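Visitor: I would like to learn how to read the features of a protein model. Could you walk me through one?

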Amino acid sequence: MDEVDKTPVRTYWQLVRQRFVRHRLAVLALIVLSVLIAYGLIIPLLTGDAYKDASLQKIWAPPEFPQAPLGYDEIGQNVFIRLAKATQTSLLIGFAAVCIIVGIGSIVGSIAGYVGGWVDNGLMRLVDIVLTLPILFIILMIVGFFGQGNVWVVIIAIGITGWTLAARLIRGEFLMLREMDFVHAAKALGAGHRRIVGRHMLPPAMSPLIVAAAIGVADAVVVEAALSFLGFGISRPEASLGNMLTNAQDYFIRAPLMVVWPGVILILMVLSASFLGDGLRDALDPRQKIDAS
């Protein structure tokens, strides 16, 4: 009598978790990103508006433990507290902008891929037109016209100009999924278009979009830093990594660490999001194999 195979059956998400854990860089990136999120949430929550406080007596003062482990800047502001607020602002912009990007991209891509025909052609030509535009220049115009220094204007400007990749990814998945047997079965059973798209097609199409969203966070953070560095983003008394770099560039020789701290946070944020995206891409790919042990 044949021996019964006692290999445990694993669900898709259990396999995803196991594949992700094997990607060491992605796990490290998740840890670093979690630490940055905790730093950006906890310190501002504990200190309130202290990141705005300035003291002429503490201009370029050395580190004080534990209240100011990174010292003070050119107007006597606590660098540690201000850097935490800047991290929070940049992460908020990154994640909120990606939510807008994913929302618009999912709507446009799902309609194009599901309906097809002239609707698909029209929406894809719209995507092509947006791709030909100078995106950074458009963002600068929107921010400059509707509210320079406003966090939500920056978020919306980045979101409404960066949805094209998400739309193409969702469209490609829908073009494949609409020919699958389970979609034809749902249509045969009388399911409406909204139910077919929302319940049967959109969930399996989200894997590449999750990867694009992780990478999109890094792109949004870089765009915000560039805007603030150019003087069109977040301005004082608010804090962002971009305006901290801008304010510190005039004092690079005297106080190089004023450039190093926000620069290191920005680099860690971007690298972590990128490596996390790579790990999610490999983990969500059903073609990836793992050992049965």
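**Salt bridges and their surroundings**

Guide: Gladly! A search of the whole structure finds 7 salt bridges. A salt bridge here is a side-chain nitrogen of Lys or Arg within 4 Å of a carboxyl oxygen of Asp or Glu. This is a predicted model, where local features need pLDDT of at least 70 and side-chain atom pairs pLDDT 80 or more, while totals for chains, interfaces and linings use all residues. Residues are numbered from 1 along each chain as its sequence is written, and side-chain values use heavy atoms, without hydrogens and water.

Visitor: Which residue forms a salt bridge with Glu-238?

Guide: Lys-52 does, with the closest N and O atoms 3.5 Å apart. Glu-238 lies in the loop between helix 10 and helix 11 and Lys-52 in the loop between helix 2 and helix 3, so the pair ties together parts that are 186 residues apart in sequence. Helices are DSSP runs of H or I with at least four residues, and strands are runs of E with at least two, numbered from the N terminus.

Visitor: How many helices and strands does the protein have?

Guide: There are 12 helices and 0 strands.

Visitor: Where do Arg-171 and Asp-120 sit in the chain?

Guide: Their side chains meet in a salt bridge (2.6 Å, N to O). Arg-171 is in helix 7 (residues 164-177) and Asp-120 in helix 4 (residues 117-132), 51 residues apart.

Visitor: What links Arg-168 to Asp-128?

Guide: Another salt bridge, at 2.7 Å from N to O. This pair also links distant parts of the chain, with Arg-168 in helix 7 and Asp-128 in helix 4, 40 residues apart. Salt bridges that share partners join Arg-125, Asp-128 and Arg-168 into one network.

Visitor: Let us turn to contacts. Which residues is Glu-64 in contact with, leaving aside its neighbours within four places in sequence?

Guide: Contact means heavy atoms within 4.5 Å. By that rule, Glu-64 touches Lys-58, Pro-69 and Tyr-72. Glu-64 is found in the loop between helix 2 (24-47) and helix 3 (79-115). With a relative accessible area of 26%, Glu-64 is partly exposed.

Terms used. Buried < 20%, exposed > 50% of the residue type's maximum accessible area, 1.4 Å probe, protein only.
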